[in-house]
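Me: Please take a close look at the ligand site in this model, and describe what surrounds the ligand.

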Amino acid sequence: MQNYGLYINGEWTGQNLEKIEIANPATNEVIATVPRGGHQEAVQAVDAAQEAFKEWSQHSAYERASVIQKWHDLIEENKDELAKTMTMEQGKPLKEAIGEMSYANGFFSWYAEEAKRIYGETIPATQRNKRLFVQKQPVGVVAAITPWNFPAAMITRKVGPALAAGCTVVIKPANLTPLTAIKMVELAADAGIPKGVVNLVTGDSKAIGQAWLEDDRVRKLTFTGSTEVGKELMRGSADTVKKISMELGGHAPVIVLDDANLDKAVEGVINSKFRNAGQTCICSNRIYVHDTIYEQFLEKLVPKVKELKMGNGLDEGVDIGPLIDEAAVKKVKKQIDDAVQMGAKIEAGGEVRDGLYIEPTVLSNVHDEMSCMIEETFGPLAPVTSFSTVEEVINRANNSIFGLAAYVFTENISRGIKVTDALEYGIIGLNDGLPSTPQAPFGGFKQSGIGREGGHYGIEDYLEVKYISLGL
Ligand code: ADP
């Protein structure tokens, strides 16, 4: 079993600190330890990042691009091992972990290119003797706090644009799943990332978070996780007026119109609902099917869900791994029980299995007052309800504090566009259950977050705009 360290200023340190045990959710076996860093280590990481910023921010875009690309290439070479580590710490099936590594690394290759396109602007002046220019500069030290459900991609989606912009970073991966991040960071020095440009601290979330919030040198905080913690971090960022990016919870509606291709809709629901055992913030959370095709939809969905194979993500052919921890299992089970008590019918699954497994579950006869239709589920539970008019379903879909992803299935593209226009969501999968990709903006309306990650939008939050007025 390996005891990992903290990565500060190009050194692996912290081996003398108390340790956090990292367990495999499929077997409950402890597979590694990481140090329980705190306030002091968090400050040391900022010291290093602040010092390194002086030099890194002066590298040309082409120099930065080449280093990020090299890091990408080393990750690609080590992809299988990284994916295996991810499955062992997080539980997702190996094929999904390999998929996540490609998606994650896509942010590095995309932002390596985007570094070269941080354009400025000239603005026509009102006076003849003036010239007005705009240029963009890196914000400075960036703190990145990431969740456990995408141990690689949530890191690269933040670190890619930060480094491309010329920022340096301090990272705190989730304590449940720090190993994939650590193994990626182990490759950074070989890629030519200078010391102090990337730092990683594991440990006491509150103490580390607090140290970064109160530190004026941290100019930007980028966070992915729960809405509750996101709000806390937003409040904490106020005193030092940091730039913030927040990717928070979701509660994605799926709308299946009466002219949908049902096979496509079922496939889209399976992809978006059961990926990572339902533990993604864009997982479909509530499924609205037009009442004329409701029965037919269930007849197609239920057997497909029953075919999904549950088990240890390292085993061949597994589609659904364990949930991340006991609390996650309890939350999903509580939603199932609550729905059944209020009249829902279990069409598939519904049971907790030994360990941290919940059977992939379909509920019918669902109504909007059940907790699964209001609270984020983060588990393999698909509640299906019906609607009769488009106007009604849009109102029900928008009736949420969240606004991250929504899905619409229809073969009539102009109806699809009208529904899309009316949805208060940042990401729409129109006949597509898997919309995430590095070159497109990811983020939410309402309490699902602030800012966008991915695509050319994703680099803006790491840049300050500097306006220069030149008198001739
Ligand atoms: P999740 O349910 O996805 O773990 P959390 O919001 O609980 O969502 O955690 C996301 C990340 O935020 C994790 O890295 C966690 O350790 C960190 N975190 C949790 N609470 C705090 C806090 N008070 N300050 C800073 N980071 C925190």
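Reply: The UniProt annotation "domain: Aldehyde dehydrogenase", from an unreviewed entry, covers residues 12-468; UniProt positions follow the numbering used here, feature names are shortened, and annotations may be inferred rather than shown by experiment. This is a predicted model, in which local features need pLDDT of at least 70 and side-chain atom pairs count only at pLDDT 80 or more, while totals for chains, interfaces and linings use all residues. Residues are numbered from 1 along each chain as its sequence is written, and side-chain values use heavy atoms, with hydrogens and water left out.

Residues 12-468 are 39% helix and 22% strand (DSSP runs, numbered from the N terminus, of at least four residues for helices, H or I, and at least two for strands, E).

The ligand is surrounded by 17 residues, each with a heavy atom within 4 Å of it; the closest are Thr146, Trp148, Lys172, Ser205 and Ser226. This shell divides into 8 nonpolar, 6 polar and 3 charged residues (Ala, Val, Leu, Ile, Met, Phe, Trp, Tyr, Cys and Pro count as nonpolar, Asp, Glu, Lys and Arg as charged, and the others, Gly among them, as polar). Helix H8 (205-214), strand E11 (218-224) and helix H9 (227-237) each supply at least two residues of the shell.

Turning to individual side chains, a polar atom of Ser205 lies 2.7 Å from a ligand oxygen. An N or O atom in the side chain of Trp148 is 3.0 Å from an oxygen of the ligand, and for the side chain of Lys172 the distance from such an atom to a ligand oxygen is 3.0 Å. The protein covers 79% of the 540 Å² of accessible area that the ligand has on its own (Shrake-Rupley method, 1.4 Å probe).

Conventions:
Polar contact = N/O pair within 3.5 Å; in protein donor to acceptor, adjacent residues only side chain to side chain.
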